[in-house]
Amino acid sequence: MSLPDSLVTIPLEGKVLLPSVVLKLTMRGRDASALSRKFFKQSEQRKPTYVVCVPMLPFAAAATAAGDDDKDAAAHGNKLVDHHTAASPTSDIVRSNSTNNASSNVSAITTATPDHQWLTLPHEKERFFDHGCVARVLRVQRSGLGAFSVFVEGISRCKIDRLSQQAEMIVAKVTYLDAPAKAQMDAAKDDLIAFKALAKEFLGKMKELQLPDALTTQLAKLIDNVSPLTLADLMVSVIETTFDEKLFMLSTTAVKERLTKATEWMTRQLHVLKISEQIHSSIEGKLSKKQREFYLRQQLDAIKKELGESDGFSGGKDDDEMAQLARRLDDANLPKEAATVAQRELKRIKKLQPSSSEWSVARNYLELIADLPWTKRSDETLDIARAKEQLEGDHFGLDHVKKRIIEYLSVVKIKGDLKAPIICFVGPPGVGKTSLGKSIATALSRDFHRISLGGVRDEADMRGHRRTYVGAMPGLIIQGLRKVGVNNPLFLLDEIDKLVHSTHYGDPAAALLEVLDPEQNNSFADHYLNLPFDLSNVLFIATANSIDTIPEPLLDRMEVIELDGYTFEEKLHIAKAHLLPKQTLAHGLEKHHVQIDDAVLLKIAENYTRESGVRSLERTIASVVRAKCVSLADLREHGREQDYNPKVDLADVEQILGIAKFEKEVAEREPIPGVVTGLAYSGSGNGGILFIESSKMPGNGELQLTGSLGDVIKESAQIALTWVKSHAYALKIANSREHNIVDKYDVHVHFPSGAVPKDGPSAGVTLVTSLVSLFSGYYVPTTTAMTGEVSLRGQVLPVGGIKEKVISAHRAGIRKIILPYRNRKNVLQDVPDRVQQDIEFVYAKTIWDVLEAALVISENEKWPIRAFESHL
């Protein structure tokens, strides 16, 4: 049979066609249509259609070969790549338990290939192998829109002499390789017999493994009917061989060499089949119905173990992930105890199947151990000047807080090491506790992590769940460390006073005792981790609105720093330096688009907000900025942006924000006998003024108290009335010592804002002054306020919350405050200088000092009682 020496070339990507083997190719495009037309035309004339199938080398191998083969290419007129440089394994592996479609021709085995465009770009010509296989087109059929399935059968090996482009097709000039001579066949007679025996043994093993009958029957016919050389080509296509090995088989003409290699590869495959049979019999009884889907994974693991390549884990992708996890554990520099536990879990996870829930639990646990920063820490900046600048730039005032942080930095710089302090910021909402924590973290160059404790009611949220529970997780502390990735971050325990105490889930506040104890937290034990973890490098900062709800043992472990409400001066500075620029930028405006004078900002703070912090002030300023946005946008739409006025004056404020929500009501009240202004302090850190109104009416001496009062304040009212009755003659409100001033009157004392609960002893002097004013007819000026506890003997006792009370009084327009003498030091130490300059302070040792300073007859005449002090 004469074969043409110039043939259309079909490139094979990752495939090798050998003689007597049938391949199915899927082709698309115009060239596929042209080939199909040519095939059908030749078929009508009963003529065969021939092509040459040439393997394509990988890009890297082709590039290398192109540089080494220039000389050979010059001789042949084109560049061809030497096959010894190819090393890419083929993806067409015929597994021992796979099914191979049988061709109708018993002398061929059909394998499928991926889709082929079979038109090759010019720069890809370097990838053509220098040998190919001439093939006959057996059948062409349509397999979809624009696609054809082409079945080709290998006929003969050939060498590619030259490639040329003809009508958008690549045509190869080929030289056919001569068939082996009789002398070569005789020399390899023993090899031929050995190979045929090996093929029969291979067939027997395939039958034992119960592979499809169609495949085994076909192979039996081939072994009996074809020559050993042809059988070698067929078997190399059936068994598991690499792309490089198939290229070697295609390009080698020496009979002995081809048989030797084929025998070697067949022996290797037969060994794999024997091992597969052993594995099949050993694990078949161990796998339940649900686990049979993992059969191949178990099989692959056993094969690796037999070859000495196993790393002790099972399953392709999981294999790599487990190895990576083992490396991460090695890199984590675990302490001795943690390393022992991790290795134990690693050995345990080997024996578990990925489908089991225990495998997931063990893996999550090991990943947690690998992720925790056992020894990794960030570098602290010990630049004290920079830290001061950072704290001053972020916050106005708060000198005592900044002083404490600078002290800590200074000690660390001198000593080199110091346990981090555990600080608790206590203050009303909006004074900057949380933002101060962020600023401290920045000043110290530490990673910042915030843990919100508001509403936490389960001890397991702090210490983690035990791993025996489904869905167990580590506690908030360990989760935070895993997130920040260093063992010396700054943890902000926000709203520590909002923890839920003593539920049936346990007490989370009690779980924090170990965390916040510098003597114990170097070996903190999370229930999930179940290993000691050192928290001594973590800087804990807690925030709270009140310390009343914090348990004493927990409070004892923290250094409490109180943050008080801002004065109007401080609010003005904060608004100018921080709030106004922040809101201007947030609304997309430039700095010059909104200009607000100090007087306007002060009016907004005084008349539209009444708070200790600055949150409401920020929202109010945002409303003003939005109004300017509306004005600017409207003018831009009408092309009159030049008419925009960035200034905000007092008249604009009322137009934008409406009428004032708060007035300095004490300055506008008329002085009335029996009405006195007191000072109050709430547990959240807010101060305020409190009016006490007294009235008398005909009756029989009963005392009525209204205004949602607590027991302590009711007792203070009883003490006040008793003192006034016992000193009525000295106060000039009784005619004689025996006269009872309430004999024919009932007294009613009312605290306005009746919906707000009130309690505490600090209204004692205010109640006495109110009753004396009521019975004497003298009044207390509306700009005078007072606070202090009174005893039955008339002594004025000190009270708490002085700074908050004074600042709130200043905010309300009070200009004179009467305080217990022993609270003088609190005023000098805590009250801002500006407030001290605006307010006249009177310090009283007895209630007589209070009455003398408070009561007036007129603007020029005070209460004349000093002559009667001897009656006390």
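Colleague: Over residues 866–872, where pLDDT stays under 50, how many contacts beyond four places in sequence does the model have?
Modeller: This is a predicted model, in which local features need pLDDT of at least 70 and side-chain atom pairs count only at pLDDT 80 or more, while totals for chains, interfaces and linings use all residues. Residues are numbered from 1 along each chain as its sequence is written, and side-chain values use heavy atoms, with hydrogens and water left out. Since pLDDT is the predictor's confidence in each residue, from 0 to 100, and contact means heavy atoms within 4.5 Å, the number for residues 866–872 beyond four places in sequence is 12.

Colleague: What is the mean pLDDT of the chain?
Modeller: Another stretch with pLDDT under 50 covers residues 311–316, for which the model has 16 contacts beyond four places in sequence. Over the chain, 84% of the residues reach 70 or more, and the mean pLDDT is 80.

Colleague: How many disulfides does the structure hold?
Modeller: A disulfide is taken here as a pair of cysteine sulfur atoms within 2.5 Å. The sulfur of Cys-158 is 7.0 Å from the closest cysteine sulfur, in Cys-133, and is therefore too far for a bond. The number of disulfides in the structure is 0.

Colleague: Is Cys-53 buried or exposed?
Modeller: Cys-53 is in no disulfide, and the nearest cysteine sulfur, that of Cys-133, is 6.8 Å away. For accessibility, buried means under 20% relative accessible area, exposed over 50%, and partly exposed in between, with a 1.4 Å probe and protein chains only. Because its relative accessibility is 1%, Cys-53 counts as buried.

Colleague: Which order do the strands of the open sheet of 7 strands have?
Modeller: Helices (H or I, at least four residues) and strands (E, at least two) are DSSP runs, numbered from the N terminus, and two strands pair if DSSP finds at least two bridges between them. The edge strands of this sheet, each pairing on one side only, are strand 19 (703–706) and strand 25 (840–844). The twist averages 30° from one strand to the next. With mixed pairing, the order is 19-20-18-17-21-24-25.

Colleague: Which residue in strand 18 stands opposite Leu-679?
Modeller: Strand 17 (residues 675–681) and strand 18 (residues 687–698) pair in the antiparallel sense over 7 bridges. Within strand 18, the residue opposite Leu-679 is Ile-689.

Colleague: What angle does the direction of helix 27 make with that of strand 18?
Modeller: Helix 27 (residues 764–776) packs on the sheet, where it touches strand 17, strand 18, strand 20 (745–750) and strand 21 (784–786). Axes are lines fitted to C-alpha atoms, for helices over the stretch in contact, and angles run from 0 to 180 degrees between N-to-C directions. On that basis, the direction of helix 27 and that of strand 18 make an angle of about 35°.

Colleague: Which residues does Ser-808 touch, not counting residues up to four places away in sequence?
Modeller: Ser-808 has its place in helix 28 (residues 802–812). At 5% relative accessibility, Ser-808 counts as buried. Beyond four places in sequence, Ser-808 touches Gly-687, Gly-688 and Ile-689.

Colleague: Which residue in strand 3 is the bridge partner of Glu-13?
Modeller: Strand 1 (residues 6–13) is mostly covered, with 6 of its 8 residues buried. Strand 1 pairs with strand 7 (residues 169–176) in the antiparallel sense over 3 bridges, and with strand 3 (residues 50–56) in the parallel sense over 6 bridges. In strand 3, the bridge partner of Glu-13 is Met-56.
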